[in-house]
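Hi everyone, thanks for coming. Today I'd like to walk you through one structure, so please have a look at it with me.

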Amino acid sequence: MFRKAAVTTVSNGNYLQGQANGRLPSMDSGEPAREGKVVLKKKVTLLRGISIIIGTIIGAGIFISPKGILKNTGSVGMSLTVWTVCGILSLFGALCYAELGTCIKKSGGHYTYILEAFGPLPAFVRVWVELLVIRPAATAVISLAFGRYILEPFFMQCEIPELAIKLITAVGITLVMVLNSTSVSWSARIQIFLTFCKLVAILIIIVPGVIQLIKGETQHFKNAFAGNDASVMGLPLAFYSGMYAYSGWFYLNFVTEEVENPEKNIPLAICISMIIVTVGYVLTNVAYFTTISAGELLLSKAVAVVSYRRKTQSYIPAAVVCVDVFLFPGEKKWGTFKVCPHLFPTRMFFVASREGHLPEILSMIHVRKHTPLPAVIVLHPLTMIMLFNGDLYSLLNFLSFARWLFIGLVVAGLIYLRYKRPDMPRPFKVPLFIPALFSFTCLFMVALSLYSDPVNTGIGFAITLTGVPAYYLFIVWDKKPKWFRKLLDRVTVTLQLLLEVIPPEEEQKS
């Protein structure tokens, strides 16, 4: 199932560009034959990079996660403070990833950076939890948001059946998987258009809110910090909600090899995107509180619908959010399907399989569409399992433990690489206090969350630990039976023929 690295990765991570002229293997030979080069092309410009980040971050998260933050902070003032702090922390994390992305020019994101800094064992555990925990759980969470928002206008007078939400969500996930298997170029063009739609959705909430403020509707901001006292034990869960709403800033690093002029475009795309998103998120929350009180927000399961309907007696936010969610499946916060983001995490699987940490089939690309089709497909059944065996809040805490543990470790690795490899070219370099503060905050909140929600975070922790014996069983142990090896080779060739995928050619650019 696992293999030794088939290719030697190049330290600068450059790809030669080529066309998909490869041929599929023969069942008789059992070997993947190739003619020509099938590689990932550089198709991500600055504008597409900005649209990828904004489109990945903005989604149903801003429409649902305010409830989680308010619940765990206790007051309007503290909730707005957490939104602002999480935006600043996300900017810090994004700048750290910008440094890593410009000095380690290889796709794979978190996995690649941990591999460079700490070696194969932590890197394998990272991709292990990504496959089993983070990716399917995150997709299930955002999918549940899609199901709720699309059904909300039809169940205003009663509770929406949970089974109905999950069934319609399952249909959406399946349709999105098909979209993600087309092409990087097509997905990126759709991303630009729908990023614009997302910004329009935010403005639909913000503009009426500003009008309400001008009219003097500020009663919900009086004594903003009064209310239930914020508990220290609630801070990690507020942190998870806030950072989950902002998560997505790291996705451009998953396709570093496909970004044009990454030394300039990655940091620029990150800074522009994070400023836009942070301002938009804070203003959106202010707009919510111009029409509904803190108590009403906590009782609502679709805050954007309630807030906007109170102002205009229409369901426009529900309609816009559903369009965003349905057409943008992928990673993120409380909601949002996205075409590109859902595809990009599979690049981590793609790179890990090149290193021998995942089955060889996951490293293969479709001969015509240039997409890692097997890696996209493998997420579908895992996501369905998460979808029908958890609820939104438990899944969030479950996946957030592993996610922020390893993101904190990645940024700690940046500090380690400063001393381990001081001569590494660094076109973009952040002040040392930024990675130090970010990594400490992540690791501290992750540790504290074991006390705040011991069940869900404990399960996430336990699954993370299983990656250690899995590494020694699948990677280190070489004396597997010969019949078992031959069977896996046969299965790989059969899947190649069925999916029309072949291994890519990777060479150093001359």
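Which residues form a nonpolar patch on the surface? They are Trp483, Leu487, Val491, Leu495 and Leu498, and together they have about 520 Å² of accessible area. Before we go on, please keep in mind that this is a predicted model.

You'll find Trp483 in helix H21, which covers residues 482-499. Is Trp483 buried or exposed? Its relative accessibility is 60%, and the cut-off for exposed is over 50%, so Trp483 counts as exposed.

Now to the aromatic rings. A pair of them is described by two things: the distance of the centres and the angle of the planes. The count for this model is 19 aromatic pairs. One of them is Phe221 with Phe289: the ring centres are 6.4 Å apart and the planes sit at 80 degrees, so we call this pair edge-to-face. Where are these two? Phe221 is in the loop between helix H8 (184-214) and helix H9 (235-246), while Phe289 belongs to helix H10 (residues 262-289), so the pair ties together parts that are 68 residues apart in sequence. As for cover, Phe221 is partly exposed, at 23% relative accessible area, whereas Phe289 is buried, at 1%.

Here is another pair to look at: Phe239 and Tyr240. Their ring centres are 6.1 Å apart with the planes at 50 degrees, so this pair is tilted. Phe239 and Tyr240 are both buried. They also belong to a cluster linked by ring pairs, along with Tyr97, Tyr113, Trp249, Trp404 and Phe438.

Note on methods
Residues numbered from 1 in each chain as written. Predicted model: local features only at pLDDT ≥ 70, side-chain atom pairs only at ≥ 80, totals over all residues. Heavy atoms only, no water. Patch = residues over 30% accessible without salt bridge, like charges linked within 9 Å, V, L, I, M, F, W, Y side chains within 5 Å. Areas by Shrake-Rupley, 256 points an atom, 1.4 Å probe, with all protein chains shown as cover. Salt bridge = Lys/Arg side-chain N within 4 Å of Asp/Glu carboxyl O. Helix = DSSP H or I, 4+ residues; strand = E, 2+ residues; numbered from the N terminus. Buried < 20%, exposed > 50% of the residue type's maximum accessible area, 1.4 Å probe, protein only. Phe/Tyr/Trp six-rings, centres within 6.5 Å; stacked < 30°, edge-to-face > 60°.
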